[in-house]
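Open the model in your viewer and keep the sequence panel beside it. The stops below say what to select and what is there.

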Amino acid sequence: MTGAKTRGEDELAPYAARFADVALSNVTRPYPYAPMHLLAGPEDLVPPRIHHPAFYGSYDWHSSVHMHWLLVRLLRRCPDRVDHERITEVLDGHLTPAHLAAEAAYLRAHPSFERPYGWAWLLALTAECRALGGPSGERWAAALAPAAETVDALLRGWLARATYPVRHGTHTNSAFALAVVLDSAAAAGRPALAAPVTEALLRWFADDHDAPAHWEPSGQDFLSPALTEAEAMSRVLPRAEFAHWLARFLPGTDHGAPRTLLAPPTVSDPIDPQIGHLIGLSLSRAAALRRLAAALPAGDPRGAVLRSAAGEHLAAGLPRAISGDFTADHWLASFAALALDGPPATASGAQTARDRTADEPSEGDAVD
């Protein structure tokens, strides 16, 4: 990569080697594995690699997908800090046309599988491969294209039927997935997805106000329902309009309220699979708070509050991103990378693209 480094790249670089090592270990580790596969009969009792020849590791399908994304992101952002040869060898073994054709066929045969969280991460992985470019990135992106096309079709069909969003702070959260899709769609070669995704976000969330943020966090959240919704809306509303929407949605933010949302959560048992989600909540909140601060107009007093809260969350979550315990290590490094390095693809969200000029790179964008 040429050109000046961004702040995000400088923050990610010290962690790149450790994140790459844990991701390589995860994506090649077949067990333990939590299949999300309905058993129609004894013939379905097969090893995960049969159904998922590309994404058989890292405990579950979505974690495997986003750990592959992490490896490609590290190749692109910190190429001098990671073992390029080893990462390329592993990805060449997983991201093959035959393996991805099987993954695409499985998605078509099971149209609600990993909806919408895993779908979004697959588009993010495709986008990251295309952003990497070169022989390797082009090879992996081409292999991923049928699966990305399948996700495109499934996502459109779901959005046409989904009357209500899911607001939980876990994998089914609608706002988080659609925000990732908006960041990734154009770079993944699926730019037309932006229109139905934007329409769904506006339909679901444009009239929201007075979010019950004082109820957060729930005991197994790794996403903040309030912040993920706000972050998604920052992508589809013009800057000034978003500032007004946020004032209605999270009143009192300029005074640091509610503290339950802006202070890092307490993690009483980091190796408990559900309580440990709260480590990820610190990291995902850090990423969302940074994005929200950057989306506000210059001089908005809420920006300083949000940036300060992001720093507190990052300080709380980052030391636990790699612990040596697979319960946490199979997924947390990806969210640490989001907090340190910005959105999951190089294409900017709708709001950012409308509101900045070409010589004002947004927070997290690459300067290549």
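Two rings of Phe, Tyr or Trp (its six-membered ring) count as a pair if their centres lie within 6.5 Å; planes under 30 degrees apart make a pair stacked, and planes over 60 make it edge-to-face. This is a predicted model, and by that rule it holds 18 aromatic pairs.

**Aromatic pairs**

Start by selecting Tyr15 and Phe19. Their ring centres are 5.7 Å apart and their planes are at 20°, so this pair is stacked.

Go next to Tyr59 and Phe326. With 6.4 Å between the ring centres and 70° between the planes, the pair is edge-to-face. The two partners come from distant parts of the chain, 267 residues apart: Tyr59 is in the loop between α3 (48-51) and α4 (61-77), and Phe326 is in helix α16 (residues 326-329). Tyr59 has a relative accessible area of 31% and is partly exposed; Phe326, at 11% relative accessibility, is buried.

Arg29 lies over the face of the Phe326 ring, 4.0 Å from the ring centre. A second case of this kind is found by selecting Arg49 and Tyr56: the charged end of Arg49 sits over the Tyr56 ring, 3.9 Å from its centre.

Now select Trp69, Tyr117, Trp121, Phe176, Phe222, Trp331 and Phe335 together. These residues form one aromatic cluster.

**The nonpolar core**

Which residues of the largest nonpolar core touch the most other members? Select Phe19, Phe55 and Phe335: of the 119 residues in this core, these have the most such contacts. Helix α14 (residues 277-295) supplies the largest share of the core, eleven residues. As background, nonpolar side chains tend to be buried together in soluble globular proteins.

Centre on Phe55 and show its surroundings. Beyond its neighbours within four places in sequence, Phe55 is in contact with a set of residues including Tyr33, Trp61, Val65, His68, Leu95, Leu100, Glu103 and Leu144.

Then pick His52, in the loop between α3 and α4. His52 is buried, at 5% relative accessibility. Leaving aside neighbours within four places in sequence, His52 is in contact with Tyr33, Trp61, Glu103, Tyr106 and Phe113.

Select Leu70 in helix α4. Is Leu70 buried or exposed? At 0% relative accessibility, Leu70 counts as buried. Apart from neighbours within four places in sequence, its contacts are Phe19, Ala23, Ala333, Ser334 and Ala337. To get a sense of scale, draw a line from Leu70 to Pro165: the two are 95 residues apart in sequence, and their C-alpha atoms are 27 Å apart in space.

Move to Leu155, which lies in helix α8. Leu155 is buried too, with a relative accessible area of 1%. Leaving out neighbours within four places in sequence, Leu155 is in contact with Trp119, Leu178, Val181, Leu193 and Val197. From Leu155 to Leu125 the C-alpha distance is 16 Å, across 30 residues of sequence.

**Helix α5**

Colour helix α5 (residues 84-94) and pick out Ile87, Thr88, Val90, Leu91 and His94, which are buried. They span an arc of only 165° around the axis, so they lie on the same side of α5. In an α-helix there are 3.6 residues a turn, so residues three or four places apart point the same way.

Turn the view around to the face of α5 away from its buried side. Here are the exposed residues Glu85 and Glu89. Then show what lies against the buried residues of α5: they pack against α2 (16-27), α4, α6 (97-109) and α8 (134-161).

**Cysteines**

How many disulfides does the model have? A disulfide needs two cysteine sulfur atoms within 2.5 Å, and the count is zero. Select Cys78, which is in no disulfide; the nearest cysteine sulfur belongs to Cys129 and is 16 Å away. Cys78 is buried, with a relative accessible area of 1%. Cys129 is likewise in no disulfide, and the cysteine sulfur nearest to it is that of Cys78, 16 Å away. Cys129 is also buried, with a relative accessible area of 0%.

Note on methods
Residues are numbered from 1 along each chain as its sequence is written. This is a predicted model: local features need pLDDT of at least 70, side-chain atom pairs count only at pLDDT 80 or more; totals for chains, interfaces and linings use all residues. Side-chain values use heavy atoms; hydrogens and water are left out. Helices (H or I, at least four residues) and strands (E, at least two) are DSSP runs, numbered from the N terminus. Buried means under 20% relative accessible area, exposed over 50%, partly exposed in between (1.4 Å probe, protein chains only). A charge sits over a ring if NZ of Lys or CZ of Arg is within 6 Å of the ring centre and within 35 degrees of the ring normal. The arc is that of the directions from the helix axis to the C-beta atoms. Contact means heavy atoms within 4.5 Å. A nonpolar core is a set of buried Ala, Val, Leu, Ile, Met, Phe, Trp, Tyr and Cys residues joined through side-chain atoms within 4.5 Å.
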